[in-house]
Amino acid sequence: MPTAKINKIVLAYSGGLDTSVILRWIKDYYGCEVVTYCADVGQADETAGLEAKALATGASKLYLEDLRAEFADEFVFPMMRANAIYEGYYLLGTSIARPVIARKQVEIARREGADAVAHGATGKGNDQVRFELAFARLAPDLKIVAPWRMADWPFKGRADMIAYAAAKKIPVPVTAEKPYSMDRNLVHISYEGGVLEDPWREPYNDMFRLTVAPEQAPDQAEYIEVEYTAGDPVAINGEWLSPARLIERANEIGGRHGVGRADLVENRLIGIKSRGVYETPGGTLLVNALKALESITLDRDSSHEKERISTRYAELVYFGQWFSPLKEAFDAFVDSLMENVSGTVTLKLYKGGCAVVSRTSPYSLYSEELASFNMRGYDAADSAGFIRLFGLPLRGCKRIGPIDVKKVAP
């Protein structure tokens, strides 16, 4: 039996088996009104008939919210400005979608006068943390219903849920279970579970949706130009695009050249190692281009410090701490550095590869004269004093005795 009285719940709802069963079960369990909410973050799911399905399952209403524009502008672009990549490979496509979904869910809960929000994340994954940390920061007074963690939740797997759906006449499509799970949005597609749980097993060739296999990509390389203003991409090949449309266009271009696949075993927040396979063609293009532009517009110390915080920023996104004070402080730091990160980068795409071949900026700190091997404008004698001062700490080591070169020789 419920341990707390709940009057109205807003449920994050997709219309699939899990959330359809959850909708009916929590309505019966709590004996309360359930409002459903589906966020469009570019997952390309068929939403036709979703409202009728939700109402037939027991919802009082459905909110279908198109969040693609704010997702790209307020979440994806700030993350990309920070060069956030988790554990060297993961461009955080799934992680970054959770805070925008949670924020809108809280807005709807307030509008509806609900006293609880619910999600269908399991008790072993990262998403439960991401949703609930967002709720904690944005609406700490709301109760959180997480059925997969509840002692009274009666289902152990898909078969149990299908039987329940049939008994309750819940309108869900009963299809053959995929040998893996898939999560898609504007930024990427992720695949995990099932056959992919064996890290020795290569993914199916027909699994990928956004990218062609590199060996099947065109035999002719393609050059593209990406233009940036203050750290944000604004145009591809001279065509100015909205943030959401620009990401879509970058995905189209990178995908046809097999760019942006990643297969890694990552460390989940709760301590479990998990294999994930990702397609992020557009993100790969945009991250590489931004780094190239930063190389000529940021000074050394700023560049190195940004690289250090990028790792921590990625952890904050992955761990669900998007609304944390630390992330907000990092945003302020990154935005201050991005003021002069404007210009154009040329990328060469070929059979899975994405190479930077040129970059230019009106704010470039690069001097061809200083970088060349001729000595005009540079007094080589200055180097001697610099090297002597820079090496003082090493000279000071003589007080502890000379190094035995035989011990350190390879």
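Glu 222 and Arg 256 meet through their side chains in a salt bridge, 2.9 Å from N to O. The pair links distant parts of the chain, 34 residues apart. Glu 222 sits in strand β8 (residues 222-229), and Arg 256 in the loop between α7 (243-255) and β11 (261-267). The model is predicted.

**Burial of this pair**
- Glu 222 counts as buried, at 19% relative accessibility.
- Arg 256 is partly exposed, with a relative accessible area of 40%.

**Other salt bridges**
- The whole structure holds 31 salt bridges.
- Glu 74 pairs with Arg 103 in a salt bridge, with the closest N and O atoms 3.0 Å apart. Glu 74 belongs to helix α3 (residues 68-81) and Arg 103 to helix α4 (residues 93-112), so the pair ties together parts 29 residues apart in sequence. Glu 74 is partly exposed, at 37% relative accessible area.
- Lys 104 forms a salt bridge with Glu 107, the closest N and O atoms being 2.9 Å apart. Both lie in helix α4, three residues apart, about one turn of the helix. Lys 104 is buried at 11%, whereas Glu 107 is partly exposed at 34%.
- A network of salt bridges links Glu 239, Arg 245, Glu 248, Arg 249 and Glu 252.

**Sheet and helix**
- Five strands form an open sheet with parallel pairing, in the order β3-β2-β1-β4-β5. Its edge strands are β3 (61-66) and β5 (143-145). Neighbouring strands are turned by 25° against each other on average, direction ignored.
- Strands β4 (residues 116-118) and β5 run parallel, joined by three bridges. Val 117 has Ile 144 in β5 as its bridge partner.
- Helix α1 (residues 17-30) lies across β1 (8-12), β2 (33-40), β4 and β5. The helix runs at about 170° to β1.

Methods. Residues are numbered from 1 along each chain as its sequence is written. This is a predicted model: local features need pLDDT of at least 70, side-chain atom pairs count only at pLDDT 80 or more; totals for chains, interfaces and linings use all residues. Side-chain values use heavy atoms; hydrogens and water are left out. Two strands pair if DSSP finds at least two bridges between them. Helices (H or I, at least four residues) and strands (E, at least two) are DSSP runs, numbered from the N terminus. Axes are lines fitted to C-alpha atoms, for helices over the stretch in contact, and angles run from 0 to 180 degrees between N-to-C directions. Contact means heavy atoms within 4.5 Å. A salt bridge is a side-chain nitrogen of Lys or Arg within 4 Å of a carboxyl oxygen of Asp or Glu. Buried means under 20% relative accessible area, exposed over 50%, partly exposed in between (1.4 Å probe, protein chains only).
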